[in-house]
Amino acid sequence: MTHPSHHFTHALCRAPATSVTAGLRAADRGDPDPHLFAAQHGAYVAALEQAGCIVHVLPPLDAFPDSVFIEDPALVLNGSAIVLRPGAPSRLGEAAVLRPDLDRHCRAVIDLPGPGFVDGGDILCTDDRVLVGLSARTDAVGAEALRPLVADLGYRLEILRTPPEILHFKTESSLLDAETILATPRLAASGAFTGLRVIETPPGEEAAANAIRVNDVVLLSAGYPRTADTLTKAGYDIVTRDTSQAALVDGGLSCMSLRYSL
Ligand code: CIR
């Protein structure tokens, strides 16, 4: 049985621009090194390929420092793309630039009508539900505008609230399989995951919660041994990748690809 929530044939990525040094961040821990970021991105793309995806890597966009985080301007469900409206003013233009590539690679392309905002990082999909966490980037108007679009694609939308100190809903949660979520204790405590099994990240390893399940493997950021051990013991096949440069601009594994099936 295939699960649309984590069985993917394709992924779309965007190479990091050298301007990624100007990427948005909540706290400054230094700029990412563009060369090291590019190397880590290449290793990430290779992991997606090894997991069974055909990966298209789009060219870098210097005008958009955060454009490597291609998950935020779009959502792809059942091979159809929804062009979102990212909530950070410096990122809104990423959606229009991405649109022709979505036209090329997806079955259909639909635009989220304004005036609300939604970032893809606030959307977690199960096989039949689209969970949207309201955040500083995603508002209720945007989330409601998404409801009929995902209904047409066979999904039920649920709107939740991300605790205010968290950038994106998926900064602290990931789907591990059709019934199981990896989440930080604080996001799990928000009650977002009713009806789903939750595995919590161990204390001090909260940043590991942004993982991605791709076909038979769970891609996990390197440097979180207790999370890796917990997931291995729970029966998951773990692959790790270094995301230190993305982390300096508040990004992680999910943000760097749009994963979908055709
Ligand atoms: C931003 O603040 O928009 C970027 N620096 C990081 C985006 C991370 N994206 C994601 O969690 N989906």
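How many nonpolar, polar and charged residues are there in the lining of the largest cavity? By class, that lining has four nonpolar, one polar and two charged residues, where Ala, Val, Leu, Ile, Met, Phe, Trp, Tyr, Cys and Pro count as nonpolar, Asp, Glu, Lys and Arg as charged, and the others, Gly among them, as polar.

A word on the source: this is a predicted model, in which local features need pLDDT of at least 70 and side-chain atom pairs count only at pLDDT 80 or more, while totals for chains, interfaces and linings use all residues. Residues are numbered from 1 along each chain as its sequence is written, and side-chain values use heavy atoms, with hydrogens and water left out.

Back to the cavity, which is a set of points on a 1 Å grid over the protein atoms alone where a 1.4 Å probe fits but cannot get out, its lining residues having an atom within 4 Å of a point. Points are joined across faces, edges and corners, and the volume is the space filled by probe spheres set on them. The structure holds one cavity of 30 Å³ or more, and the largest has a volume of about 40 Å³. Its lining consists of Arg14, Leu61, Ser67, Ile70, Pro73, Glu94 and Leu98.

Next, the nonpolar cores, each a set of buried Ala, Val, Leu, Ile, Met, Phe, Trp, Tyr and Cys residues joined through side-chain atoms within 4.5 Å; buried means under 20% relative accessible area, with a 1.4 Å probe and protein chains only. The largest core has 23 residues, and those with the most contacts inside it are Phe37, Tyr44, Leu48 and Phe69. Its largest share, five residues, comes from α1, a helix being a DSSP run of H or I with at least four residues, numbered from the N terminus. A second, separate core of 19 residues includes Leu77, Val118, Leu149 and Tyr155.

Finally, the cysteines: the structure holds zero disulfides, a disulfide being a pair of cysteine sulfur atoms within 2.5 Å. For Cys125, the nearest cysteine sulfur, that of Cys106, is 13 Å away. Cys125 counts as buried because its relative accessibility is 19%, and Cys255 is buried as well, with a relative accessible area of 9%.

Terms used
Buried means under 20% relative accessible area, exposed over 50%, partly exposed in between (1.4 Å probe, protein chains only). Helices (H or I, at least four residues) and strands (E, at least two) are DSSP runs, numbered from the N terminus. On a 1 Å grid over the protein atoms alone, a cavity is a set of points where a 1.4 Å probe fits but cannot get out, and a pocket is an open set with protein on both sides within 12 Å along at least five of seven lines; lining residues have an atom within 4 Å of a point.
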